[in-house]
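Reader: I would like to go through this model feature by feature. Give me the general idea each time, then the case at hand.

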Amino acid sequence: MSILLDKNTRLLVHGLTGAQGSFHAQQCIEYGSKVVGGVTPGKGGTEHLGLPVFNTALDAVRATGANASLIFVPPPYAADSILEAADAGVSVIICITEGIPVMDMVRVKKRLAAVNACGRRVTLVGPNCPGVITPGECKAGIMPGYIHKPGTVGVVSRSGTLTYEAVWQVTSQGLGQSSVVGIGGDPVQGMNFVDALKLFQADPRTEAVIMIGEIGGAAEEDAARYIADEMTKPVFCFVAGKTAPPGRRMGHAGAIVEGGAGTHASKVEALAKAGATVVDNLSEIGAAVAKKLGAPKPKAKTARK
Amino acid sequence: MKLLEYEGKEVFERYGIPMLPRCGVLRIGDSSEKLNIDGAGPWVVKAQVLAGGRGKAGGVKLAKTAAEARDLAGQMLGMKIVTHQTQGKPLTVEEVLVEHAAGIAREIYISVVLDRKAGSPAVIASAEGGMSIEELAHSHPEKIVRMAVDAESGLLDFQARQLAFDLKIPKKNFCEFTLFARQLVKCFVEMDANLVEVNPLIISKDGRLLAIDSKIVTDDNALFRHKDQAAKPDHEASEIEKEAKSIGINYIGLDGDIGCMVNGAGLAMATLDTVKMAGGDAANFLDVGGGANVDQVTKAFQIILKDPKVKAVLVNIFGGIMKCDNIAAGVVEASKKVHIKVPLIVRLEGTNVKEGKAILAKSGIKIEQADSLWEAAQKAVAAAKR
């Protein structure tokens, strides 16, 4: 078991023929993901990377039976691609694109809510995220595949490279991941921490969850409430941005402390109170999980590829 | 991007927000004759800086005569302002706005913000304006009105009425207010703003509804559809920050002495935190980006070393798609081009890490390598203290 993606996922890549789309789709295929086609308006009927290209998502879904979308479309058009994928009938949409205007995401969120209110179930992950991977089954994103290993630790994070850091520590401890979800660093996004925690809580394979947060917003505080009320599985947290100056956005549009809200201290306090293990030093998160789960022997450091 | 008060007011003008007539903006080097001060006073002279609390710091002055207004404007230019929002650093006043003043009968607070959780705009307002809304939210949360708004339909009539009643707007100004509130929301949506704030909105002694101040923060991601906005200078960014931005590097100057180069915003933030835990202070936040190449790495070094405070440089790269051997080659290349006189600590992890480390070891450059982020941070702190 896993969350969001598994070996049966049929992946459609939006923006397949672009530089980013081509490169990362190739990586996903090499990892073993079932990529079934691409969407680039105007290039329908052609082939790219040995895959059929379609003009619209609807054409692609009808022809290939795709059930998940991976979006690399540039920021001015990405919001539209998300809605196109939802309308075409895929159930999981992963948007990698960085730099989508917030107001576009406000409109996307409203429409997706309307779609879900009609009874269909569409889940958006991102935007501005590394994607989702279920190790050994399906990689839909830009994360390096080899740092992952099939296992029982669920990982959810707002940041890309920080996720890799946590994943690598888990793998170096001889453990593996059930699924890894990058929810992205934008202020208005699809899936949030609580949504991911719910899926991990319900997933029989997942035994523990690592949650990597950062300053800004109140998603970590919301997650803390869910952890306190509903989670029976152990949760390990790190919150980045303890030393960030207020009022400056630290790379991610969402990572900003404004008017005393979204501070590191408030998040750490809420999570610790909820019963999560909060590590102060990021370098210790893998060891903390291993200690709890009773890890197999740590892999020797030289065994890296 | 944060807009200065007068820039925000120029935007407000387009939305018909009621304001006092402005006499012009004076910049350093301008003659005060440039100001178009006529009619009856009094006037108000306001320092154009991006920090709240400027009034208490001497950045807002009242003038009874035109001559006094010109004098005050001249004096205020070049003045240093420190407020609770400047983190102890003085801001230099480079522009001054002069406008007509009005006697204030009542002050109201109103803003449109992005409600991240709901994923929609929201109006925040209080019948008690003028003071810090954060303080009011803390001391008297019941005095704050909060209303979710649909971005596509804007503020609906009944919502505008609800706000007007909640804020106890006088009958005389009622329709004026509801129109103002709807226009403010429209401005927020159309400008792709993250914040539009009027603090205070006043009822003047002669019964007029007027926006006295403006604060607009726009969404950098939406600049592609606001060409006029994109052409304007970013008042908040330092010269180094602007230079970094122009070449696709995300850089924010900080107060410490350890220069940091990291890939990814989250890891960059975590690196600053780790440096602090190890007993040091970072000189900057720098995200070299996910697809950095030799050129980007070289430029990143140049930018970091422009800061004279830097006593050591910490490179922390988690190679994913970006391979460690490429990064290592970039570091070697950069160190040939840029004379790095301070100690250099490099932590590489991820794809092709062995090859990357070998390249660094063979290069003959003085580099301290580290196997983990924690080790790297400790080495950098020790090096900066030497």
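This is a predicted model: local features need pLDDT of at least 70, side-chain atom pairs count only at pLDDT 80 or more; totals for chains, interfaces and linings use all residues.

Reader: Why should helix α3 of chain A span 20 Å?

Author: The expected span is 1.5 Å times one less than the number of residues. Helix α3 of chain A has 14 residues (75–88), so it should span 20 Å, and its end C-alpha atoms are 20 Å apart, which agrees.

Reader: Which residues of α3(A) are buried?

Author: An α-helix has 3.6 residues a turn, so residues three or four places apart point the same way. Buried has a cut-off: 20 or more other C-beta atoms within 10 Å of the residue's own, with 12 or fewer for exposed, partly exposed in between, and C-beta atoms placed from the backbone. In α3(A) the buried residues are A78(A), A79(A), S81(A), I82(A), E84(A), A85(A), A86(A) and A88(A). They pack against several elements of chain A, including β1 (10–14), β5 (68–71) and α4 (102–117).

Reader: How many residues of chain A are in contact with chain B?

Author: The size of an interface is often given as the accessible area lost when the parts come together. Here we count contacts: two residues whose C-beta atoms, placed from the backbone, lie within 7 Å. By that count, 48 residues of chain A are in contact with 46 residues of chain B. On the chain A side, α3, α4 and α5 (160–172) each supply at least two residues. α5(A) gives the most, with six residues. That side of chain A divides into 24 nonpolar, 14 polar and 10 charged residues.

Reader: How is chain A divided into domains?

Author: Domain bounds come from an automatic or database domain assignment. Chain A has domain 1 (10–125) and domain 2 (143–293). Their C-alpha centres lie 26 Å apart. Each domain of chain A puts nine residues into the contact. On the domain 1 side, α1 (19–31), α4 and β7 of chain A give two or more residues. There α4(A) gives the most, with four residues.

Reader: What is the strand order of the open sheet in chain A?

Author: Strands of a sheet pair through backbone hydrogen bonds, either parallel or antiparallel. Pairing here needs at least two bridges found by DSSP. Seven strands of chain A run in the order β9-β8-β11-β10-β12-β13-β14, with mixed pairing. The edge strands are β9 (138–141) and β14 (277–278) of chain A. Four bridges join β8 (131–134) of chain A to β9(A), and the two run antiparallel. I133(A) has K139(A) as its bridge partner in β9(A).

Reader: Buried or exposed: which applies to β18 of chain B?

Author: Seven of the seven residues of β18 (344–350) of chain B are buried. Seven bridges join β17 (312–319) of chain B to β18(B), in parallel. Three bridges join β18(B) to β19 (368–370) of chain B, also in parallel. V346(B) is the bridge partner of V315(B), and V346(B) also stands opposite Q369(B) in β19(B).

Reader: Which residues touch the most other members of the largest nonpolar core?

Author: In soluble globular proteins, nonpolar side chains tend to be buried together. A nonpolar core is a set of buried Ala, Val, Leu, Ile, Met, Phe, Trp, Tyr and Cys residues joined through C-beta atoms within 7 Å. The largest has 206 residues, and L12(A), I71(A), I93(A), L184(B), L286(B) and L314(B) touch the most other members. Helix α5 (174–190) of chain B gives the largest share, eight residues. Another core, of 23 residues, lies apart and includes W43(B) and I81(B).

Technical notes:
Residues are numbered from 1 along each chain as its sequence is written. Chains are lettered from A and ligands numbered from 1 in the order in which they are written. Ala, Val, Leu, Ile, Met, Phe, Trp, Tyr, Cys and Pro count as nonpolar, Asp, Glu, Lys and Arg as charged, and the others, Gly among them, as polar.
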